[in-house]
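We'll hop from stop to stop, picking a few pieces each time.

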Amino acid sequence: MSNTTQIEAILGDITKVTVDAIVNAANSSLLGGGGVDGAIHRAGGPVILEDCKKIIARQGGCKTGEAVITRAGNLPANYVIHTVGPVWNGGNKQEREKLANCYRNSLQLATDNNCKTIAFPNISTGIYHFPKDEAARIAVRTVADYVKKTYTLHKVLFVCFDEENYKLICSEIIHSSGN
Ligand code: ADP
């Protein structure tokens with residue numbers, strides 16, 4: 001048995017994938033929003049918001065770069081990991097570090113909850129306007145670095161909603177596996 005983690009990409013809708021945990025690109029209020037966040041809450045049903053409200057009561061929300069975990073309601077996944085991506089603000093506001101933290105903290109939370117498979121959307125590349133090429137590089141490199149040190153995850157799946165992100169992520173995966 002090899003202990004390497006598969007890193008893969010598909011073009012599709014993250015609410016439809018069967019993995020242990022899907023990641024949500026949430027906002028710091030955790031109260032739901034548009035984009036992938038809206039899609040996850042709609043498809044998963046009220047249980048997700050119920051759990052988010054408990055987290056809000058406990059810790060007041062979620063800071064940029066951090067992650068929290070809830071049940072997944074009607075989704076095929078078992079958990080939703082909500083992470084708050086940085087809003088792109090020109091690149092001098094630690095946006096890159098914060099985006100890498102989103103991936104690392106989500107992977108750690110998945111590992112802590114015994115997840116073997118996890119799916120990510122392209123965090124911050126929608127309403128938050130992070131440049132897609134840089135976001136793809138940070139996403140794949142951060143995941144590749146993490147799985148080099150932690151062997152418990154079997155698969156990390158990038159679920160891309162548009163062709164451009166899909167192509168960028170695929171080419172980063174090819175680069176990262178080539179060295
Ligand atoms: P952010 O505020 O972090 O930019 P968005 O939800 O606006 O979050 O966008 C993040 C990414 O998720 C974008 O690339 C967007 O196209 C994508 N996205 C939107 N809906 C879905 C979905 N159902 N499944 C997967 N990705 C999605």
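**Helices on the sheet**

Start by selecting helix α4 (residues 132-149): it lies across β1, β5 (117-120) and β6 (155-160), running at about 170° to β6. Next, pick helix α5 (residues 163-177), which packs on the sheet and touches β1 and β6, its direction making about 160° with that of β1. Helices (H or I, at least four residues) and strands (E, at least two) are DSSP runs, numbered from the N terminus. Contact means heavy atoms within 4.5 Å. Axes are lines fitted to C-alpha atoms, for helices over the stretch in contact, and angles run from 0 to 180 degrees between N-to-C directions.

A quick word on the model: it is predicted, so local features need pLDDT of at least 70 and side-chain atom pairs count only at pLDDT 80 or more, while totals for chains, interfaces and linings use all residues. Residues are numbered from 1 along each chain as its sequence is written, and side-chain values use heavy atoms, with hydrogens and water left out.

**The sheet**

Six of them form an open sheet in the order β1-β6-β5-β2-β4-β3, with mixed pairing; two strands pair if DSSP finds at least two bridges between them. At the edges, pairing on one side only, are β1 (6-11) and β3 (67-71).

Zoom in on β3: five bridges join it to β4 (residues 79-84), and the two run antiparallel. Look for V68, which stands opposite H82 in β4.

**A salt bridge**

Select E50 and R71. They form a salt bridge (a side-chain nitrogen of Lys or Arg within 4 Å of a carboxyl oxygen of Asp or Glu), with their closest N and O atoms 3.4 Å apart. E50 sits in helix α2 (residues 46-59) and R71 in strand β3, so the pair ties together parts that are 21 residues apart in sequence.

**Last stop: helix α1**

Finally, select β2 (21-26) and α1 (35-44). Each supplies at least two residues of the lining of the largest pocket.
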